[in-house]
Amino acid sequence: MELEHRAYWATKKFNFDLKETGTVRKRQLNELEELRNESYENVRIYKERTKLYHDKAILRKEFQPGMKVLLYDSRLRLFPGKLKSRWVGPFKVLQVFLHGAMEIENIKNGTRFKVNG
């Protein structure tokens, strides 16, 4: 009985009201959640702005039949050579399609294939 009385006295002395501390903790968690949501929103806005900036700097190239082009070799290489170029070619543009693809021909051996522009 005396031990229970001491525990009750200690909680009263330190103002350790469980209901009040529970509401304070919930408030703190809500503030933390709001901060996290705000930071996610700021990151999203930052990414959109940087994407617009970089996309604005990209120059779009209009290909015409008869032009000579190089083809970017994007295959996964586990051990890329230090001095190997990832550009292959030259190729000649034969036909440009409306959706951006084009038919090209290898100038050296005459093989034809379609690629994404």
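In which strand is the place of tyrosine 72? Tyrosine 72 belongs to strand β1, residues 68-72. The model is predicted: local features need pLDDT of at least 70, side-chain atom pairs count only at pLDDT 80 or more, and totals for chains, interfaces and linings use all residues. Residues are numbered from 1 along each chain as its sequence is written, and side-chain values use heavy atoms, with hydrogens and water left out.

**View 1. Overall fold of the predicted model.** The protein has two helices and four strands, in the order α-α-β-β-β-β along the sequence. Helices (H or I, at least four residues) and strands (E, at least two) are DSSP runs, numbered from the N terminus. The accessible surface comes to about 11,300 Å², and 58% of this belongs to carbon and sulfur atoms; areas come from the Shrake-Rupley method with a 1.4 Å probe, and for residues only the protein chains shown count as cover. Of the 117 residues, 9% are buried (buried means under 20% relative accessible area, exposed over 50%, partly exposed in between; 1.4 Å probe, protein chains only). Among contacts (heavy atoms within 4.5 Å) with a separation of 6 or more, 23% are made by residues 24 or more positions apart.

View 2. Leu70, Tyr72 and Trp87 make a nonpolar surface patch of about 350 Å². Patches are made of residues with over 30% relative accessible area and no salt bridge; like charges are joined within 9 Å, and nonpolar side chains (Val, Leu, Ile, Met, Phe, Trp, Tyr) within 5 Å. Tyrosine 72 is partly exposed, its relative accessible area being 42%.

**View 3. Largest nonpolar core.** Six residues make up this core: Val69, Phe91, Val93, Met102, Ile104 and Val115. Strands β2 (87-96) and β3 (101-106) are the elements that give two or more residues to the core. A nonpolar core is a set of buried Ala, Val, Leu, Ile, Met, Phe, Trp, Tyr and Cys residues joined through side-chain atoms within 4.5 Å.

**View 4. Aromatic pair between phenylalanine 91 and phenylalanine 113.** The count of aromatic pairs comes to one. Phenylalanine 91 and phenylalanine 113 are edge-to-face, 5.7 Å centre to centre with 80° between the planes. The pair links distant parts of the chain, 22 residues apart: phenylalanine 91 lies in strand β2 and phenylalanine 113 in strand β4 (residues 112-116). Rings of Phe, Tyr and Trp (its six-membered ring) pair if their centres lie within 6.5 Å; planes under 30 degrees apart count as stacked, over 60 as edge-to-face and the rest as tilted. Phenylalanine 91 is buried at 5% relative accessible area, whereas phenylalanine 113 is partly exposed at 30%.

**View 5. Surroundings of asparagine 106.** Asparagine 106 lies in strand β3 and counts as buried, at 14% relative accessibility. Apart from neighbours within four places in sequence, asparagine 106 is in contact with Pro90, Phe91 and Thr111.

View 6. The structure holds four salt bridges, each a side-chain nitrogen of Lys or Arg within 4 Å of a carboxyl oxygen of Asp or Glu. Glutamate 33 and arginine 36 meet at 3.5 Å, N to O; both lie in helix α2 (residues 18-57), three residues apart. Arginine 44 and glutamate 48 form a salt bridge with their closest N and O atoms 2.5 Å apart. Because arginine 44 and glutamate 48 are four residues apart in helix α2, about one helical turn separates them. Glu41, Arg44 and Glu48 are linked in a network of salt bridges. Lysine 51 pairs with aspartate 55 in a salt bridge, at 2.8 Å between the closest N and O atoms.
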